[in-house]
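Reader: Could you take me through the salt bridges in this one? I'd like a close look at them, with a bit of background to start.

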Amino acid sequence: MIRVFPVGGPNPLRRRAGRVPPKGVETFTGTIRSSRPGDTFELREELHVSRAQCNRPARIAAYLGIAKAFRMAALLAFFAACGGDPLSPEEMILGTWKLTRAGNEPVTVNYTLVFEENGVYTFINTIFDGSRITSTGNWRIEQGALFLDALDFGYYIDNEELTLYATDGTVFVYTRQ
């Protein structure tokens, strides 16, 4: 609601001068001049707001405080999860790996390598009729090379891929299962 009062004239709201408006009322005042010389009017706008809006700054501050606390907790949890000791090469290679590429070509054979903690590996060739040919041996990592019994490979682990580099230049790419 907007009310206009002549400056210096009767103003029923003037008795509230210097007092805080009642809860639920926000007031905005300004002065306007008339087109007639000497006439000045006071413009007062009263905006009636709900009780919930009266405490809006406190509610916003509380919300921002909660949101900030939640973000900090999420960041701490993230860094705590990332902050562990890095895995050793022996720990990174453990598990089951399936051959996906030989050289730059996809493979049609079903070869799987399983590395166990006790230093034993199992090589599994699953034939099309479902039968399996397996062989086992010992594995170890020394000076950046992966040894499978008497064979040695250069290797690289990136995310969920294990790349083996044979001494003859052949590259085998395995994906973690």
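This is a predicted model: local features need pLDDT of at least 70, side-chain atom pairs count only at pLDDT 80 or more; totals for chains, interfaces and linings use all residues.

Author: Buried residues come to 21% of the 177 in the protein. The fold has three helices and 12 strands. If you take contacts between residues at least 6 apart in sequence, 35% of them join residues at least 24 apart.

Now for the salt bridges: there are three. Let's start with Arg101 and Glu161, whose closest N and O atoms sit 3.9 Å apart; that still counts, because the cut-off is 4 Å. This pair ties together distant parts of the chain, 60 residues apart, with Arg101 in strand E4 and Glu161 in strand E11. Arg101 has 32% relative accessibility, so it counts as partly exposed, and Glu161 is partly exposed too, at 30%.

Next up is Arg176 with Glu160, where the closest N and O atoms are 3.0 Å apart. Here Arg176 belongs to strand E12, while Glu160 lies in the loop between strands E10 and E11, 16 residues away. Arg176 is partly exposed, with a relative accessible area of 26%, and Glu160 gets that label at 43%.

That leaves Arg140 and Glu142, whose side chains meet at 2.9 Å, N to O. Arg140 is partly exposed at 37% relative accessibility, as is Glu142 at 40%.

Note on methods:
Residues are numbered from 1 along each chain as its sequence is written. Side-chain values use heavy atoms; hydrogens and water are left out. Helices (H or I, at least four residues) and strands (E, at least two) are DSSP runs, numbered from the N terminus. Buried means under 20% relative accessible area, exposed over 50%, partly exposed in between (1.4 Å probe, protein chains only). Contact means heavy atoms within 4.5 Å.
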